[in-house]
Amino acid sequence: MSGNERKADCGRRSLLVATACAGGVAGLAVAVPFLTSLSPSERAKAAGAPVEVDISKLGPGEMTTVEWQGKPVWIMRRTPAQMESLAAMADKLADPKSERNPSEFTPEYARNDLRAREDHKDILVVVAICTHLGCSPSGPFESGSNAQLGADAGFVCPCHGSTFDLSGRVFKAKPAPDNLKVPPFMFLSDTRILVGQDSKEG
């Protein structure tokens, strides 16, 4: 290779390196604002900040799952028939009135058969973690569709067989010692819920 050819080859390499570096810097310039825009949200989630949820598209009998404090939270819109069935469940449940550890598992406004706020009785909001050893239950199952629930509707923990009704209340003689936890929550409107906060002052 002649001297001129070597010079030309070096020039091409320098151009390629410069172009790659420029491209990398440009890519970084695009990535940094994007990552920065995600950071506050991730930090807020890690700190347990409230999570706003739109339930406008949640139909009767349907459920959605959101994350709060790193935990799954179920939000379910129960049908009138499902709500009616819950009133007759007391004899089958270990803690029908949510009297066990109420300050830890059930806010005062949810200490009722439906474990719901009075102005939105159809909406169930519970942390989807079994109170036995922390597994995540499955469901909801309709009446007669799950052998462990039998004729009842509800949720089943696949780890050790604890079962819960559609209010998140544990059935008798199950490993779970308590009902599923109801997190702090409030309605911002008929279609928006704030999970993790239950007062405007909070």
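Q: What share of the contacts in the protein with a separation of 6 or more comes from residues 24 or more positions apart?
A: This is a predicted model. In the protein, 53% of the contacts with a separation of 6 or more join residues 24 or more positions apart.

Q: How many helices and strands does the protein have?
A: There are 3 helices and 9 strands. Along the sequence they run α-β-β-β-α-α-β-β-β-β-β-β.

Q: Is Arg169 buried or exposed?
A: Buried means under 20% relative accessible area. Arg169 has 0% relative accessibility, so Arg169 counts as buried. Arg169 sits in the loop between strand 7 (163-164) and strand 8 (185-189).

Q: What lies 3.0 Å from a polar atom of the side chain of Arg169?
A: The backbone oxygen of Pro96 does. Leaving out residues up to four places away in sequence, Arg169 also touches others, including Asp95, Asp113 and Phe164.

Q: How do I read phi and peptide bonds?
A: Start with the general rule. Most residues other than glycine have a negative phi, and most peptide bonds are trans. Now look at two residues here. Gln69 has phi near 55°, a positive value. Ser98 also has a positive phi, near 55°.

Q: Where are Gln69 and Ser98?
A: Gln69 is in the loop between strand 2 (63-68) and strand 3 (71-77). Ser98 is in the loop between helix 2 (80-86) and helix 3 (102-105). Gln69 counts as partly exposed because its relative accessibility is 38%. Ser98, at 1%, counts as buried.

Q: Which peptide bond is cis?
A: The bond from Gly139 to Pro140 is cis, with omega near 5°. Pro140 belongs to strand 5 (residues 138-141).

Notes. Residues are numbered from 1 along each chain as its sequence is written. This is a predicted model: local features need pLDDT of at least 70, side-chain atom pairs count only at pLDDT 80 or more; totals for chains, interfaces and linings use all residues. Side-chain values use heavy atoms; hydrogens and water are left out. Helices (H or I, at least four residues) and strands (E, at least two) are DSSP runs, numbered from the N terminus. Contact means heavy atoms within 4.5 Å. Buried means under 20% relative accessible area, exposed over 50%, partly exposed in between (1.4 Å probe, protein chains only). A polar contact is a pair of N or O atoms within 3.5 Å; within protein, one must be able to donate a hydrogen and the other to accept it, and residues adjacent in sequence count only if both atoms are side-chain atoms.
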